[in-house]
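Welcome! Please take a moment to turn the model below around on your screen, and then let us walk through it together.

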Amino acid sequence: MHAADQTESALTEETLDPDDWDGTSELAHQVIEDAIAYLRDVRDRPAWQDMPDDIRAAYTEPLPHGPTPLRNVYRQVSEQLMPYPMGNVHPRFWSWYMGSSNFTGALGDFLAAILGSNLGGGNHAAAAMDQQVVEWCKQMLGFPASASGTLESGGSMANIVGLTVARNVMAGIDVREEGMAALPRPLRFYGSEQLHSCHRKAVEALGLGNRALRRIPTDPALRMDIDALRQAIRHDRINGFKPACIIATAGTVNSGAIDDLDAIADLAAEEGLWLHVDGCIGALIAIAPINRGLVAGIERADSIALDPHKLLHAPFEVGCALVRDSGAHHGAFAVTPEYLESTPRGLASAVWLHEYGMQTTRGFRALKVWMALKQHGIEKFGRLIDQNIAQALYLTTLIETEPELELAAPNSINIVCFRYRPVPWTGDLKALNTEIMLRLQEAGTAVLSDTTIHGEHCLRVAITNHRTRRDDLDLLVREVLRLGAIILAE
Ligand SMILES: *Cc1c(COP(=O)(O)O)cnc(C)c1O
């Protein structure tokens with residue numbers, strides 16, 4: 001640009017702020033009204049529906065060079081986006097393992113964006129709140145006040161944070177400076193064969209390689225076999241490896257099985273290994289009055305990953321990593337370039353939160369969690385967790401009383417695995433059950449997922465949903481039986 005042009009543009013300075021605040025306010029009120037109605041009536045809409053071709057085509061429209069009035073932009077969103085969600089806010093969405101969000105959390109995300117703060121650190125209220133939510137996570141799990149923690153994008157990143165600290169502490173060399181090639185003996189990590197797939201990505205990213213992550217067999221209840229774990233550690237020591245870290249799972253993604261945390265903590269202590277608990281599913285059961293005993297021992301971990309966007313139903317994304325040794329945690333990530341040095345007073349006088357994880361710029365994830373925790377109190381969140389576990393037991397009972405349904409895994413927490421198995425019939429059970437699952441989705445009735453347990457395909461219902469009621473589960477069983485019979489007749 002020529003200097004003259006630049007001067008010219010300076011005379012017509014622009015901003016992204018609205019020209020018409022009153023009109024914007026009116027539209028924003030409409031957005032809020034629509035959003036409230038959307039959640040209020042969610043039960044009356046399909047749990048999921050596929051996008052028609054014209055809607056799908058709308059997502060290939062070209063890059064907009066000029067303006068569109070916000071009212072029209074919003075109309076497009078309300079017509080083309082809002083009717084076609086993933087569906088996890090619906091009372092009959094039970095796929096994978098997701099929270100079902102909440103309105104207060106949505107207001108939190110809105111206000112966080114209004115502030116637009118960067119939670120890389122600094123001396124401001126949002127950063128103080130970020131640390132407070134980490135404190136609350138420690139308190140919910142009975143973790144010591146001296147521990148450190150960080151809010152992350154989710155459980156996968158929270159696990160990576162914990163495992164990075166584990167690797168660096170257990171390496172016995174300055175792995176940040178020297179790298180993995182300088183290790184005298186390769187490290188070995190251990191988890192059950194039911195381990196979440198994010199741990200594979202983690203050990204790959206950490207330079208350990210997938211083979212360094214030993215998958216330990218499980219018992220009939222799908223919990224890590226402690227004797228097999230002890231043997232694997234011994235075997236590795238004899239063969240020149242350095243056993244470093246046990247990853248216990250508090251709530252496996254397949255069936256919800258909870259490893260014996262106390263026994264594993266004992267073994268980790270005996271063997272001098274780091275204990276990381278993947279508590280993305282189950283750690284928060286620690287606040288559930290009836291079931292909290294299931295995760296007893298979790299507070300003995302060296303590091304824990306938990307997921308407020310699952311059992312606390314925070315809008316995506318928010319995970320949390322906790323590390324008992326705060327010095328080791330800071331030591332694994334802290335790097336202070338001059339442009340991020342602290343000052344004695346002012347905005348740069350506080351803790352740099354980016355020194356506890358991989359991100360530099362961090363979003364303000366705490367507000368949505370903080371507001372919902374304050375509004376409802378953790379006792380209510382605890383009761384909701386117990387409620388989901390009771391609903392899973394209820395569904396288990398329904399399945400057990402139906403001769404054509406079969407439980408595929410022992411009931412543990414809020415995940416139920418089962419299959420439709422008509423008798424006598426010897427066809428392809430996987431194809432039959434997959435077809436039932438897809439028809440349930442396509443009818444908008446319910447969204448389930450599927451998996452393999454003990455080598456056999458099954459349907460999987462994960463009730464992480466504060467909107468689910470028992471009659472939704474009655475409906476599910478009725479529909480599975482009805483669809484199964486229809487498919488067989490075809
Ligand atoms: C969900 C989950 C993860 C991954 O967490 P994200 O929040 O999806 O990144 C890890 N481990 C277990 C057991 C999980 O259920």
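**A guided walk through the model**

The structure holds one aromatic pair. Its partners are Trp136 and Trp370, whose rings are stacked, with 6.1 Å from centre to centre and 15 degrees between the planes. Trp136 belongs to helix H6 (residues 125-141) and Trp370 to helix H13 (residues 366-376), so the pair ties together parts that are 234 residues apart in sequence. Please keep in mind, as we go on, that this is a predicted model.

Now step back to the chain as a whole. It is divided into domain 1, covering 107-376, and domain 2, covering 379-489. Between the C-alpha centres of domain 1 and domain 2 there are 31 Å. To their contact, domain 1 brings 27 residues and domain 2 brings 22 residues.

What is the area buried between domain 1 and domain 2? About 1,900 Å² is buried there, and carbon and sulfur atoms give 69% of that area. On the side of domain 1 that touches domain 2, you will find 18 nonpolar residues, eight polar ones and one charged one. How many salt bridges are there between domain 1 and domain 2? The count is zero. Polar contacts, by contrast, do turn up: eight residue pairs make them across the interface of domain 1 and domain 2, with both residues at pLDDT 80 or more.

Finally, let us follow the backbone to a few local details. Trp96 is not a glycine, and yet it has a positive phi of about 45 degrees. You can find Trp96 in the loop that runs between helix H4 (70-80) and helix H5 (103-115).

Further along, the peptide bond from Phe316 to Glu317 is cis, with omega near 5 degrees. Glu317 sits in the loop between strand S6 (303-306) and strand S7 (319-323). Another cis peptide bond joins Val423 and Pro424, and here omega is about -10 degrees. To locate Pro424, look in the loop between strand S9 (415-420) and helix H15 (429-442).

Notes:
Residues numbered from 1 in each chain as written. Predicted model: local features only at pLDDT ≥ 70, side-chain atom pairs only at ≥ 80, totals over all residues. Heavy atoms only, no water. Domains from an automatic or database assignment. Contact = heavy atoms within 4.5 Å. Buried area = accessible area lost by both parts, 1.4 Å probe. Salt bridge = Lys/Arg side-chain N within 4 Å of Asp/Glu carboxyl O. Polar contact = N/O pair within 3.5 Å; in protein donor to acceptor, adjacent residues only side chain to side chain. Nonpolar A, V, L, I, M, F, W, Y, C, P; charged D, E, K, R; others polar. Phe/Tyr/Trp six-rings, centres within 6.5 Å; stacked < 30°, edge-to-face > 60°. Helix = DSSP H or I, 4+ residues; strand = E, 2+ residues; numbered from the N terminus.
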